[in-house]
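Reader: Hello! Could you take me through one part of this model closely, the sheet and the helices packed around it?

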Amino acid sequence: MKRPLLALISILVIIASGVSIYLSQRSPTARVNLKPFEGVGQVGAESTSKLLNGSGRLVLVAYDAKSSPLEASVTAFTAELKKFPGLSVAATERVSMKMEEMAMPEMGLKATEYLRIVQKHGDADAIVSFVGGPSFPNQDYRQVPERRPKFVVLSGYTPQTKSLMQAGVVNLAIVPRFEPQKAEAEPKTAREWFERFFMVVTPANMDKLPDF
């Protein structure tokens with residue numbers, strides 16, 4: 001796939017994610033398929049357990065919008081954690097959701113907010129973000145403390161994702177597939193929906209992420 005087309009698809013994925021969340025906030029009757037989001041939560045919990053070798057204290061970072069599709073990921077994640085008794089949620093940080101910020105390439109957790117959470121929860125084993133990775137202006141990561149919790153991103157893709165992983169700021173990410181897998185039958189379970197539209201990325205396979 002040519003890079004300009006790939007970049008366009010990436011931006012469309014970002015915008016589509018933001019719009020779906022925004023619409024679900026405005027209309028209680030909006031029809032949104034929550035299965036893919038639930039799959040993100042389920043696979044995210046399993047992947048986080050593998051990252052931490054089955055044991056650790058987690059800090060969740062989520063939008064302050066409990067009816068959004070991304071909240072389905074949070075709910076599914078915490079429910080799936082029951083299968084991994086070595087993991088526990090030490091705290092949950094809620095951040096405000098602004099539509100004008102969610103459809104931009106710089107969307108994600110603001111650098112200042114990221115640094116605040118890392119400082120506040122420095123004794124945690126991992127920070128699990130449902131709002132994206134930290135967004136640093138000009139990809140300048142010098143402010144990131146050397147000793148910090150691992151960082152897991154369970155949400156949409158942004159152009160900074162690969163550089164964050166290369167810098168070691170993000171240790172694991174679940175991102176949309178740029179070319180959804182073809183299936184003979186319509187997905188039924190949350191896991192099947194996940195496999196069709198999302199993938200798990202670690203430093204071992206981050207070459208699958210596009211360069212910008």
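Author: **The sheet and its helices**

Six strands form an open sheet in the order 2-1-4-6-7-8, with mixed pairing. Strands here are DSSP runs of E with at least two residues, helices are runs of H or I with at least four residues, and both are numbered from the N terminus; two strands pair if DSSP finds at least two bridges between them. Strand 2 (87-95) and strand 8 (198-201) are at the edges with a single partner strand each, so one side of each has no neighbour in the sheet. On average, neighbouring strands of this sheet are turned by 20° against each other, direction ignored.

Before going further, please keep in mind that this is a predicted model, in which local features need pLDDT of at least 70 and side-chain atom pairs count only at pLDDT 80 or more, while totals for chains, interfaces and linings use all residues. Residues are numbered from 1 along each chain as its sequence is written, and side-chain values use heavy atoms, with hydrogens and water left out.

Strand 4 in turn pairs with strand 6 in the parallel sense, over four bridges, with valine 128 opposite valine 152. Strand 6 also pairs with strand 7 in the parallel sense, over three bridges; in this pair valine 153 faces alanine 173. Strand 6 is mostly covered, as four of its five residues are buried, where buried means under 20% relative accessible area, exposed over 50% and partly exposed in between (1.4 Å probe, protein chains only).

Now for the helices on the sheet. Helix 5 (residues 111-120) lies across strand 1, strand 2, strand 4 and strand 6 (150-154), and runs at about 145° to strand 2. Helix 7 (residues 190-197) lies across strand 7 (172-176) and strand 8, at about 75° to strand 8. For these angles, axes are lines fitted to C-alpha atoms, for helices over the stretch in contact, and the values run from 0 to 180 degrees between N-to-C directions. Contact means heavy atoms within 4.5 Å.

Tryptophan 193 sits in helix 7 and is buried, with a relative accessible area of 11%. Leaving aside its neighbours within four places in sequence, tryptophan 193 is in contact with Asn33, Lys35, Pro36, Glu186, Pro187 and Lys188. Tryptophan 193 and valine 40 lie 153 residues apart in sequence, yet 9.1 Å apart in space, C-alpha to C-alpha.

Helix 2 (residues 35-51) packs against helix 3 (residues 69-80) at an angle of about 40°, with the axes 7 Å apart. That makes helix 2 oblique to helix 3 (angles under 35 degrees count as roughly parallel, over 145 as roughly antiparallel, 65 to 115 as roughly perpendicular and the rest as oblique). The contact includes Phe37, Val40 and Thr48 of helix 2, and Leu70, Ala76 and Phe77 of helix 3.

Beyond its neighbours within four places in sequence, threonine 48 is in contact with Leu58, Phe77, Leu87, Val128 and Val152.
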